[in-house]
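I opened the complex to go through its interface, its ligand sites and a few backbone details. My notes follow in the order of looking.

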Amino acid sequence: MKIIVPIKQVPETSNVKMNPETGTMVREGVESIINPLDLYAIETAIKLKEKFGGKVTVISMGPEKALEAIKEAIAMGCDDGVLLSDRKFAGSDTWATSYVIANGIKGMGDFDLVICGERATDGDTAQVGPGIASFLDLPLSTFTSEILTLGDGRIRVKRLVEGGYEELEMTLPAALTVVKEISDPRLPTLRGKLKAKKMEIPVLGPQNIDVKEENLGLNGSPTRVVKIFTPKVTREGEKIFVKDEKTLNEAVDKIMDFLIKKEFI
Amino acid sequence: MGEVWTLAEYRHEKLSTVSFELLNRGKSLSQKLNVPLASVILGSNIKKEDVQELIERGADKVYVVDDKNFKNFLVEPYANVLMELLNEYKPDIFIAAATTTGRTLMPYVAVRIKTGLTADCTVLEIEEGTGNLLQTRPAIGGNILATIKTPNTRPQMATVRPHSMKPSLPDRNRKGEVIYKNYDESLFKAKSKYLRFIKDESQQVTVQDAKVIVAGGRGLGKEENFKIIGELAELLGGAVGASRDVVDRGWITYPHQIGLSGKTVSPALYIAAGISGAVQHIAGMQTSENIIAVNKDPDAQIFHLANLGIVGDLNEVLPLLIKRIKEYKAKEASKNVQ
Ligand SMILES: Cc1cc2nc3c(=O)[nH]c(=O)nc-3n(C[C@H](O)[C@H](O)[C@H](O)COP(=O)(O)OP(=O)(O)OC[C@H]3O[C@@H](n4cnc5c(N)ncnc54)[C@H](O)[C@@H]3O)c2cc1C
Ligand SMILES: Cc1cc2nc3c(=O)[nH]c(=O)nc-3n(C[C@H](O)[C@H](O)[C@H](O)COP(=O)(O)OP(=O)(O)OC[C@H]3O[C@@H](n4cnc5c(N)ncnc54)[C@H](O)[C@@H]3O)c2cc1C
């Protein structure tokens, strides 16, 4: 079983600070982490390896700094990793990102599964997983919540959809994007950390993979960001304190007025 | 200039209402550009009334592909057929709902035809002068809004957040053109097979489709207390949401989780009870139109987002609220009888 997990390094968002003048994110002092939703993909891959044998390779496109993310994934139990990094990749939208990652994967030989996170917490599009699957012409299950069976060149999965779940069967190689329900990510181990520290991670640029220059980075991206701005920061409205029977009734009156005025009842 | 297209979603042999929300959006774009508005519908045993309804709700044209292979959604055949349609008719704009189907199909197609796709948009406008589509979407957990365009390739593709616009209303006299298309068997080949749908009874109203969401957090204290959340949700015709904390405790299942590692929602009303308002929770609900928070901690973060904040014990506030809504409804009902 050869499994490839594309992971993205993202800013730690638990304390996002926005610059109110420029409307951009303040990145100074913000730690970089593996996209939290990619941890479920990593865990899924490691579990499959433990059960069926094989190898898990992580792949990331990003700056040199993203080597940290790859090493952390290896410390969790992935076998090796590849970083796709070059100034020519900068400014990629999801089309160009999927293009480079898909071609990076093609260069790695045969594989059985590509497992992506549902979405990255910064760009937030959830388009790169399906994009990679499309470039590689793979069958795809998005929002995958469980792997039911794997064997005989097939995988059966359960995916979370509106109002319930769907079961799909796909031939291998196949692509998945996964949701939190699929696994409970483990922490990196000390042994894993030591292994990751010593490991040389190959850094590949456009010269190392089969890509066309005109498809890379900002030039290769069909979309353009016109502007970025901050939505109205707060709508802090009325606050009512319940202290006794009387204020309790007043509070509920307020909610009732609100519901009636806005026609929710 | 090409047409404006919307994807009509046909699931479990029913046309979903997001299809009409898209028509409402599409109409303002097609009128501005002075081009026809068309819906594409892919399905199996598509009912004539459903096609007619798309016309009544604003479509000038409907492209129908009715094939037994389209009984259930599978991305490969859907993408193959859509690409044929897009290559033949070359619309200028193509929008779909940001549902599990739209978010799977649209990126798969956009990659193949090399065009731009903007995710989960809440505002679509036409740029003066160029006629380009300006697509605005929340990113980084709703902390910023980005306006994006696709200047050089066509169609300009976008997924649109469900409920970010009202469905268009029907005009029973409206006329339109229906174009039936058939495609070669080879386009329906897939390396995937649909096995079955398993309905989740706890999702009578799903959080993605709900106009109202009543969400509970750790402040509920114990699993049983989720019952009052469910009761309130039902009274308001809404869905039950939850924080990750209570999902991890097993008080409720994962499909109900709202937030960074759960669902992103923007209902007309979000009631948060016993939820502190951690950034990862807020990331999934801060674009809700109205927010009511009930929390006993006056400094809880959730109050910064709330239009109405009740500082108090949810075990007192919610049961009384439920009682009062029931009384109100009974009174309204008896009024109507008279
Ligand atoms: C505010 C803002 C809005 C944007 N909106 C759009 C838009 O609407 N359309 C568009 O085309 N582009 C958009 N972009 C650009 C987009 O964010 C980048 O292309 C980004 O590199 C990938 O998209 P994402 O972060 O949304 O990832 P997602 O598509 O959400 O990521 C899904 C999964 O794909 C994998 N993955 C994603 N990126 C990488 C990577 N670099 N390396 C390895 N694996 C990866 C991971 O498994 C991840 O879990 C936007 C950027 C910004 C800053
Ligand atoms: C990578 C990552 C992803 C995450 N994803 C998500 C996600 O998708 N969704 C999510 O929700 N969280 C997510 N979290 C977790 C998040 O950080 C918080 O831990 C979680 O939201 C807290 O849930 P809570 O508000 O129910 O609990 P708490 O933070 O413990 O809040 C409970 C609240 O209830 C109030 N309360 C207590 N008793 C009463 C009472 N009787 N009446 C009224 N109020 C009362 C308290 O004052 C308190 O404010 C994520 C975290 C990480 C690190």
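Which residue of chain B has a backbone N or O atom 3.2 Å from an oxygen atom of ligand 1? I found that Ala119(B) does.

Conventions first. This is a predicted model, in which local features need pLDDT of at least 70 and side-chain atom pairs count only at pLDDT 80 or more, while totals for chains, interfaces and linings use all residues. Residues are numbered from 1 along each chain as its sequence is written, chains are lettered from A and ligands numbered from 1 in the order in which they are written, and side-chain values use heavy atoms, with hydrogens and water left out.

**Ligand 1**

I placed ligand 1 between chains A and B. I listed 34 residues around ligand 1 (a heavy atom within 4 Å). The closest are Pro6(A), Lys8(A), Asp38(A), Thr94(A) and Thr125(A). I then looked at polar atoms. Lys8(A) puts a polar side-chain atom 2.5 Å from an oxygen atom of ligand 1. Asp93(A) has a polar backbone atom 3.1 Å from an oxygen atom of ligand 1.

**Ligand 2**

I listed 26 residues around ligand 2, and Ser243(B), Gln257(B), Ser276(B), Gln280(B) and Asn295(B) come nearest. I noted the site as shared between chains, because residues from chains A and B surround ligand 2. Arg244(B) has a polar backbone atom 2.9 Å from an oxygen atom of ligand 2. For Gly274(B), a backbone N or O atom lies 3.1 Å from an oxygen atom of ligand 2. For Lys296(B), a backbone N or O atom lies 3.1 Å from a nitrogen atom of ligand 2.

**Interface of chains A and B**

I counted 84 residues from chain A and 95 residues from chain B in the contact (heavy atoms within 4.5 Å). The two chains bury about 7,900 Å² between them, 60% of it on carbon and sulfur atoms. Buried area here is the accessible area (1.4 Å probe) that two parts lose on being put together, summed over both.

I found 6 salt bridges across the interface (a side-chain nitrogen of Lys or Arg within 4 Å of a carboxyl oxygen of Asp or Glu). I noted one between Asp137(A) and Lys191(B), with the closest N and O atoms 3.7 Å apart.

I checked which elements of chain A give two or more residues to the side that touches chain B; among them are helix H4 (128-135), strand E12 (224-229) and helix H7 (245-261). Helices (H or I, at least four residues) and strands (E, at least two) are DSSP runs, numbered from the N terminus. H7(A) gives the largest share of that side, 11 residues.

I looked at strand pairing next (at least two DSSP bridges). E12(A) pairs with strand E10 (residues 144-149) of chain B in the antiparallel sense over 5 bridges. Lys227(A) stands opposite Thr147(B).

**Backbone details**

I logged a cis peptide bond between Leu172(A) and Pro173(A), with omega about 0°. Pro173(A) sits in the loop between E9 and strand E10 (174-178) of chain A. I logged another cis bond from Arg154(B) to Pro155(B), with omega near -5°.

Terms used. Polar contact = N/O pair within 3.5 Å; in protein donor to acceptor, adjacent residues only side chain to side chain.
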